[in-house]
Amino acid sequence: MAMIRPSSDLRNHYNEISEYCHKYNKPVYITKNGSGDLVVLSNDDYERLTGPKAELYRLLDEGIEDMKKNPGIPAEEAFAMLEKEFGFGKI
């Protein structure tokens, strides 16, 4: 279950929030005036979310979207272009 805390707890119970994030590897949701405002998580969890795998997934998504917008050419044509441009033999 998600931990939801008021913004005042960041000041008054920082150590408790930090320990929870590290112990359970889960974020703590911070509210401001009763509405969602921030999400607090450990540095390790943040790095996992934004690290190399996240960048790879972002690039893959970008490539897939590009393929949807711009259909490719048949393999034979691509190989012929490579052979003409770079002198590559057939693969």
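Here is a tour of this structure, one selection at a time.

**Before you click**

What you have open is a predicted model, where local features need pLDDT of at least 70, side-chain atom pairs count only at pLDDT 80 or more, and totals for chains, interfaces and linings use all residues. Residues are numbered from 1 along each chain as its sequence is written, and side-chain values use heavy atoms, with hydrogens and water left out.

A word on names: helices (H or I, at least four residues) and strands (E, at least two) are DSSP runs, numbered from the N terminus.

**Stop 1**

You've picked out an open sheet of three strands, in the order 1-2-3, with mixed pairing. Two strands pair if DSSP finds at least two bridges between them. At the edges sit strand 1 (3-6) and strand 3 (35-40), each pairing on one side only. On average, neighbouring strands here are turned by 35 degrees against each other, direction ignored.

Now look at strand 1 beside strand 2 (residues 28-32): these two pair in the parallel sense, over four bridges. To see where they meet, select Met 3, whose bridge partner in strand 2 is Val 28. Then try Pro 6, which has Thr 31 as its bridge partner.

Keep Thr 31 selected and look to the other side, where Gly 36 in strand 3 stands opposite. Strand 2 and strand 3 run antiparallel and are joined by five bridges.

**Stop 2: the two faces of strand 1**

Show the side chains of residues 3-6. Which residues are on the covered face of strand 1? Met 3 and Arg 5 are, while Ile 4 and Pro 6 make up the uncovered one. In a regular strand the side chains alternate between the two faces of the sheet.

Next, colour residues 14-24. Contact means heavy atoms within 4.5 Å, and axes are lines fitted to C-alpha atoms, for helices over the stretch in contact, with angles running from 0 to 180 degrees between N-to-C directions.

**Stop 3: Arg 5**

Zoom in on Arg 5, in strand 1. Is Arg 5 buried or exposed? Arg 5 counts as buried because its relative accessibility is 11%. The cut-offs are under 20% relative accessible area for buried and over 50% for exposed, with partly exposed in between (1.4 Å probe, protein chains only).

Leaving aside neighbours within four places in sequence, Arg 5 is in contact with several residues, including His 13, Glu 16, Ile 17 and Tyr 29.

**Stop 4: a pair of rings**

Select Tyr 20 and Tyr 24. A search of the whole structure finds one aromatic pair, and here it is: the ring centres are 5.1 Å apart and the planes are at 45 degrees, so the pair is tilted. Rings of Phe, Tyr and Trp (its six-membered ring) pair if their centres lie within 6.5 Å; planes under 30 degrees apart count as stacked, over 60 as edge-to-face and the rest as tilted.

Tyr 20 and Tyr 24 are separated by about one helical turn because they are four residues apart in helix 2. Tyr 20 is buried at 14% relative accessibility, whereas Tyr 24 is partly exposed at 45%.

**Stop 5: two asparagines**

Click Asn 25, in the loop between helix 2 and strand 2. Phi here is near 50 degrees, a positive value in a residue other than glycine. With 47% relative accessibility, Asn 25 counts as partly exposed.

Then go to Asn 33, in the loop between strand 2 and strand 3. The hairpin of these strands has two residues between them, and Asn 33 takes a positive phi near 55 degrees. Asn 33 is exposed, with a relative accessible area of 79%.

**Last stop: Gly 87**

Finish just after helix 5, where Gly 87 takes a positive phi of about 75 degrees.
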